[in-house]
Amino acid sequence: ISGTMSTNEENKLPLNGRRAIPPNYSNDEENEVPEMEAFGLIPRGFNPRDYLRVVDIYMFKDPHEINKQEHHTDKYYNPKLIVRRGQAFQIQIDFNRPYRPETDQFWLEFLMGRYPQQNKGTYIPILVGNVLKPGQWGAKIIHRENNSIRLSIMSSTTCIIGKFRLYVAVLTPFGILRTRRNSATDTYILFNPWCQLDAVYLDDEKEREEYVLNDVGVVFHGNVEDVKSRSWSYGQFEENVLDACLFLMDKAELELSGRGNPIKICRVASAVINSRDDNGVIAGSWNNTYDSGVAPSAWTGSVDILLEYYSSKQPVRYGQCWVFAGVFNTFLRCLGIPARLITNYSSAHDNNANLRLDFFLDDEGKVDTRLTKDSVWNYHCWNEAWMTRPDLPVGFGGWQVVDGTPQETSDGMYRCGPASVQAIKHGHVCFQFDAPFVYAEVNGDIFYTRMEKNGTQVVENIDTTRIGQLIVTKEVGGDGMMDITEEYKFREGSDEERLALEAAVMYGVKKQSIQDTTYQPQTDVDMDFQAQKAVLGNDFKVTITFRNKSHNSYTATTYLSGNIVFYTGVTKREFKKHSFSAKLQPSSSSSFDIVIKSSEYMSDLLEQASFHFFVTARINETGKILAVQKAVVLEIPTLRIKTKGELVAGKETSVIVEFTNPLKQTLENVTLRLEGPGVLRTIKKQFGRIPVNSTLTWEVRFTPMRPGLRRLIASLNSDALRHVYGELNVQIQKP
């Protein structure tokens, strides 16, 4: 009968000529593992109870026990064993009688997925030996007492990441006896930045605490002249988040055997974080209408998004760049890959990666929005993940750019990275993946080009310094800003910068040289544009200053265009037009103030309260054009968070969120959110309206779970006002 053993199930498998087993990319599916695997006919008198039998397996999996403490996994809100690869962990096996090494033989088996195979790393048999070799699977007995033994188990430093099932197998003369399937002994194995042989090894303990273990972070937004920051809850240790992150790899259809490789994981994750072309986690929306979804500005962290996706399997609406980057950061830190969120100010979105952003001007010197396809984002957020790059020449390991925001396709999908930061800095953009695109985001030049009636293009002005002016991330161990621009580029105008550019061009980044164009700028007059710091809902003034360095008198026909824009630099509408003639005396400066009234901008304001001003001036005597553009972001009022009394773990307490409406209009459809990783899961509350000048007060009762320094993060969202945040650090005492 043994020939007809194959079940119906096996016969139906969609096999093809290339592979013997179907694709294996679900960490959740399982196969049946026999408890008795006979070697042939079993004699009648055989009784499994006569042999060594496993009574119990103890995993030391509580947060205070040795495994989670030594593996830095005690913060995960998950009852199962979680260890990091390449580092020993302990389990205890209780048998029905004392273990006799001379005659008894047993081994351990770790299995993953539905088709476990030893050569794929999804079936791992571990024999008990006398010595553990670093970085290789093995087990040795470290303690024996009565019927129990304690084992130290070493996992491989290239082991795949995910959830394994554990069996103990005992050899008898007639077959193998296995323990029953028991989900309590399931073991998660993660990347190990503490282990020198791991591809994600990071040698600085303070950096590991920040980039792997910190579950809150800071997102920098606003613009170069006016950097703003807000907190984001990564929440990588919260309940079910680890399972949700493993599900993302299943969703991305990453073969189980490829899951030990951080390069592959980052590449597929950058595609699955956005919903374009694969029904991924977050649907992006940049058009200020968020029907049947949550406005991107309302999210306070990643947990709600990941858990909603894990349960619904449908894209969560809606995200913009910092939301994609925040969720991506949670995913990377949760699996143990060191990661940080980056903001690039004045980020070029160049449709053809040619290092040239074209802004077309019409006859009057106004920007022609119909012809202008490229845009400059006030800021753009992406992530860096830390890993070695054995697929590249030596020297390109370390921080790698990965970007989950859907901007352009790469190999046919919306994804970006990993691209070596070091390769971008030196212009070696030939190395995979997507380095030319990232290089253009931080290095483009802006060409102001006028279309003549006969169709010829005249370059009127070139701005070589605006793109990628400032690149930042949160500092290690604090909430301040760390300037990392020099990790991406050499100083403007240095020899190294020119060499890096020549290298990038040699490796295929398209660059039009300024010599190719008939471009002779007006060099003896400078024009500058400044905006007063302004609070949302108030009037403010902007100033245009000319400095005439020549001995001639000039007149400048000056045109100011104020636009309400998305933070991506795309215009919604022009709300201010102003032109005037400026008389410029020889060797002197002249300033002109223009008042921007709140009544001019409030009706159309978008959520980031972001304006974009273009100023163009034609020097009448020479016909030359001066051009300058600047983003202005208004100050948005904040939420106040207060606690009542002291906070003790396990004791109910309350927190108060307050907000005063600063606008000259009633706020409608107000939603508040409050969350704090390790303190409370997100709570939402709808308020109908907040009249002018009145204050909303919301009291939330909750019981903090764990002691320590924690952060509460709140957001307010309404039809007319978004991007309102508040935060508070709280110390939760031990009971």
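The count of salt bridges in this predicted model comes to 36, where a salt bridge is a side-chain nitrogen of Lys or Arg within 4 Å of a carboxyl oxygen of Asp or Glu. Side chains of opposite charge can pair when their charged atoms come close. Because the model is predicted, local features need pLDDT of at least 70 and side-chain atom pairs count only at pLDDT 80 or more, while totals for chains, interfaces and linings use all residues. Residues are numbered from 1 along each chain as its sequence is written, and side-chain values use heavy atoms, with hydrogens and water left out.

One of these pairs joins the side chains of Glu384 and Arg340, with 2.8 Å from N to O. Glu384 belongs to strand S18 (residues 375-387) and Arg340 to strand S16 (residues 339-349), so that distant parts of the chain, 44 residues apart, are linked; strands here are DSSP runs of E of at least two residues, helices are runs of H or I of at least four, and both are numbered from the N terminus. Glu384 is buried at a relative accessible area of 1%, and Arg340 is likewise buried at 5%, where buried means under 20% relative accessible area, exposed over 50%, and partly exposed in between, with a 1.4 Å probe and protein chains only.

Strand S39 takes part in two further pairs. Glu699 forms a salt bridge with Lys644, the closest N and O atoms being 3.4 Å apart. Because Glu699 lies in strand S39 (residues 695-702) and Lys644 in strand S34 (residues 640-644), the pair ties together parts that are 55 residues apart in sequence. Glu699 is partly exposed at 39% relative accessibility, and Lys644 is partly exposed at 44%. The side chains of Arg701 and Glu652 also meet in a salt bridge, at 3.2 Å from N to O. Arg701 lies in strand S39 and Glu652 in the loop between strand S35 (647-648) and strand S36 (653-660), so this pair ties together parts that are 49 residues apart in sequence. Glu652 is partly exposed, at 48% relative accessibility. Elsewhere, salt bridges that share partners join Glu30, Arg165, Arg181 and Asp186 into one network.

Turning to the whole protein chain, its secondary structure comes to 12 helices and 41 strands, and its C-alpha atoms fill a box of roughly 115 × 60 × 45 Å along the principal axes. Of its 735 residues, 57% count as buried.
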